[in-house]
Amino acid sequence: MRTRICELFEIDVPVFAFSYRREVVAAVSRAGGMGVLGAVQFSPEQLEEELCWLDAHVDGKPYGVDVVMPTRYEGAERGGLSKAELELLIPEGHRRYVEEVLTRYEVPGLPPEVSAHESLLGWSEAAGRSQVAVALRHPVRLIANALGTPPRDVVDEAHRRGVQVVALVGTAAHARKQAEVGVDVVVAVGTEAGGHTGEIGTMVLVPEVVDAVHPIPVLAAGGIGRGRQLAAALALGAEGVWTGSLWLGVEEARLHPVLRDKLLAATSGDTVRSRSMSGKPARLLKTAWTEAWDGGESPGTLPMPLQFMLTADAVTRMHHHASTPGSRAHELLGSPVGQIVGSMREVRPTHEVLESLEAEFREVMLRMRGLENAGTSGHQPDSARRGATGTRRGSE
């Protein structure tokens, strides 16, 4: 099961686990994989606190940090805008629509003692740079970037610190651009993935990216949560897998019970690519909230980062009131999640999920070796298999 990715990062299994929960990240790293902390929801000060905790809880095992430095976002042409400037760009009609939806589903406001999520997250190059600066003060082994090509100076600085740079892509063309700036690993993200994702399926995308950036190692992502899928990824030419949705269903994720139960009950058909979260297409659990934004009454979503700024308070209210009697907030409550959600049926400790993935992988490899042996035991010369027609199929 060891690939050159294992050698590069000094891990036991080629499984990378993205999570916003530090406890999940630490558990995966301790179990022999590579935990990767999603940084976008943290301020630089919060990220510093999270990484200090990880330093103390990974038992010296490697871990990474995932940031977002998008190529396109509102104000990018001016080098980014302040939060106050961005707030002025949100139309009042959109603000009214958010309140109309919340009122329709009987979602009260937040009590005074509860604070809303920070509305301006790391959806810009400037925010991503500040998070990279924090990460590089810690013994991280990789910096991952999504939604665009990382600036070359960021790549160079990471390399000077001995940190590998990983890039997430949805097309072979994007993968080539990442190779040009010197990234060390490319993650081919199929449309089955949760969160921001493109339109090409994993089965098609992975070999395209592998061929496009050879010899740069590639990780497969999108709909991966079983040992069989890990084996398939390696067969497609990947050196390992990048997983995310899988870890929403572990004990350490500590999801809201209502959201946890919705995920465990969902099928692989209960997700949708929607712009309702960030303004860019992302695969989410299909809910009344995604339907409200994708329906005919919607005023349309706003560009990044305005859409998240518009809805951050509403999302906090959904979570807070998901169990409130008389409220229908639970119908709106959702999460980024991939199509692998259809295989998530119980809550287990992180290490058990990784162990079961490894065990199924071994079963698959034994079965494939059995097929190979069965084929060679009945081997015949090529001419004999062709038969009288001289071809493999008489129609050829």
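1. E106 counts as partly exposed, at 43% relative accessibility; the class covers values between buried (under 20% relative accessible area) and exposed (over 50%), with a 1.4 Å probe and protein chains only. E106 has a positive phi of about 55° although it is not a glycine. Its place is in the loop between helix 5 (92–104) and helix 6 (125–135). Helices (H or I, at least four residues) and strands (E, at least two) are DSSP runs, numbered from the N terminus.

2. This is a predicted model, in which local features need pLDDT of at least 70 and side-chain atom pairs count only at pLDDT 80 or more, while totals for chains, interfaces and linings use all residues. Residues are numbered from 1 along each chain as its sequence is written, and side-chain values use heavy atoms, with hydrogens and water left out.

3. D59 is another non-glycine residue with a positive phi, about 55°. D59 is found in the loop between helix 3 (44–57) and strand 3 (63–68) and counts as exposed, at 60% relative accessibility. Most residues other than glycine have a negative phi, and most peptide bonds are trans.

4. Two cis peptide bonds deserve a look. The bond from H214 to P215 is cis, with omega near 10°, and P215 is in the loop between helix 9 (202–213) and strand 8 (218–221). A cis bond also joins M304 and P305, with omega about 5°; P305 lies in the loop between helix 12 (288–294) and helix 13 (306–321).

5. Strand 6 (residues 185–189) is mostly covered, with five of its five residues buried. In a regular strand the side chains alternate between the two faces of the sheet. On one side of strand 6 are V185, V187 and V189, on the other V186 and A188, and all are buried.

6. Which way do strand 5 and strand 6 pair? Strand 5 (residues 164–169) pairs with strand 6 in the parallel sense over four bridges; pairing requires that DSSP finds at least two bridges between two strands. A167 stands opposite V186 in strand 6.

7. E251, E346, E352 and E355 form a negative surface patch. Patches are made of residues with over 30% relative accessible area and no salt bridge, like charges being joined within 9 Å and nonpolar side chains (Val, Leu, Ile, Met, Phe, Trp, Tyr) within 5 Å. A salt bridge is a side-chain nitrogen of Lys or Arg within 4 Å of a carboxyl oxygen of Asp or Glu. E346 lies in the loop between helix 14 (329–332) and helix 15 (350–377) and is exposed, with a relative accessible area of 53%.

Conventions
Accessible areas come from the Shrake-Rupley method with a 1.4 Å probe; for residues, only the protein chains shown count as cover. Lys and Arg count as positive and Asp and Glu as negative; His and the chain ends are not counted. The place of a charge is taken as NZ of Lys, CZ of Arg, CG of Asp or CD of Glu.
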